[in-house]
Amino acid sequence: MKFMLMRKADEETEKGTLPTAEVLQAMHGYNERMIQAGVFLFGNGVRPTSEGCRIVFRNGEASVIRGPFSPASDQLAGYSVLEVDSLEEAIDWARQWPHEDSDGNATLELRRYFELSDFNLDAALMDKHQRQMQLPVELNIHLSFPGNCREAMTFYQQVTGGVLEAMIPYAQTPAATEVPAEQADRIIHASLNIRGRRLMAADMTGDCHQAMQGSCVHLEFDTLERAAEVFDQLQQGGQLIMPFEETFWAKRFGMTTDRFGTHWMIGYGTGHCSQNLNTEEVNAP
């Protein structure tokens, strides 16, 4: 079940008062616990309603009503989306909301998402929705290394700012008996969580490692400065494939192989392919 955990606004958030460092640190820890538990999907804070608007339709005509809106307690200051097994579990996480926020006087609201089974759909429409629902819940990337997985994944965490949620050596698993003693500290599983997508990796034993070929890890950024910074860090000690510059499909785009042999594509303002496809024809059995 998916729930939206909403932090209701108050007079301070509607003034645009930013959280203190103490509150931000507490919220980071709270979100980190939910990430580790596998229940946190994503979340954001929103600016006050004075910077927003409502679009109201009457008889098909749209009217734009500028904020601010009142009362403050009816507005939204932020939200998190959780995936849990029950309302009770969602409530349990909500109860753990950091008391540093508003000195323990915040108001939260939980709302469950609709599920496909809640609707009375005809067979054809149900089939279309089910095709969407049958998509994989995650698309991750797995890298292999010849023995320097720990160093590489630590570097990728530093570059991306993601959460290094696993770094497990062979010695801590039953597979320890399958590798020489001097290789027991090599990594059998590493996982770097980047906004819910995972860059996973492992050290290969014997001659199982193969250099990366025919594929790249693509990172897209919403600011030029951050994209350029990451590209510069990844190409240091590596090999430049394509300079980070403007292209016909992106405001900036570049390709490089880092010093560990991983191929990267870094983009800013990357556009979408202009070719129009009939999705029903593409998805037809």
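**Close-up views of ring contacts and an open sheet**

**View 1. Arginine residues positioned over phenylalanine rings.** R54 is placed over the face of F69, 3.8 Å from the ring centre. All views show a predicted model. At another site, the ring of F155 carries the charged end of R259 above it, at 4.3 Å from the ring centre.

**View 2. The aromatic cluster that includes F155.** F155, Y156, F260 and W264 are linked into a cluster by ring pairs. The structure as a whole holds 10 aromatic pairs. For Y156 and F260, the ring centres lie 6.1 Å apart and the planes meet at 85°; because planes over 60 degrees apart count as edge-to-face, this pair is assigned to that class. Y156 belongs to helix α5 (residues 149–160), whereas F260 lies in the loop between β13 (252–257) and β14 (263–268), so the pair ties together parts that are 104 residues apart in sequence. Y156 has a relative accessibility of 1% and therefore counts as buried. F260, at 12% relative accessibility, also counts as buried, because the limit is under 20%.

**View 3. The stacked pair of F231 and F244.** The rings of F231 and F244 form a stacked aromatic pair, with 5.2 Å from centre to centre and 25° between the planes. F231 is part of helix α6 (residues 224–235) and F244 is part of strand β12 (residues 239–245); the pair links distant parts of the chain, 13 residues apart. Both F231 and F244 are buried.

**View 4. An open sheet of 4 strands.** The strands follow the order β2-β5-β1-β6, and their pairing is antiparallel. From one strand to the next, the twist averages 15°. In general, strands of a sheet pair through backbone hydrogen bonds, in either a parallel or an antiparallel manner.

**View 5. The pairing of β1 with β6 and the helix across the sheet.** Strand β1 (residues 2–8) and β6 run antiparallel and are joined by 5 bridges. Within this pairing, L5 has L110 in β6 as its bridge partner. Helix α3 (residues 87–95) lies across β1, β5 (76–83) and β6. The direction of helix α3 is at about 155° to that of β6.

Methods: Residues are numbered from 1 along each chain as its sequence is written. This is a predicted model: local features need pLDDT of at least 70, side-chain atom pairs count only at pLDDT 80 or more; totals for chains, interfaces and linings use all residues. Side-chain values use heavy atoms; hydrogens and water are left out. Rings of Phe, Tyr and Trp (its six-membered ring) pair if their centres lie within 6.5 Å; planes under 30 degrees apart count as stacked, over 60 as edge-to-face and the rest as tilted. Helices (H or I, at least four residues) and strands (E, at least two) are DSSP runs, numbered from the N terminus. Buried means under 20% relative accessible area, exposed over 50%, partly exposed in between (1.4 Å probe, protein chains only). A charge sits over a ring if NZ of Lys or CZ of Arg is within 6 Å of the ring centre and within 35 degrees of the ring normal. Two strands pair if DSSP finds at least two bridges between them. Axes are lines fitted to C-alpha atoms, for helices over the stretch in contact, and angles run from 0 to 180 degrees between N-to-C directions. Contact means heavy atoms within 4.5 Å.
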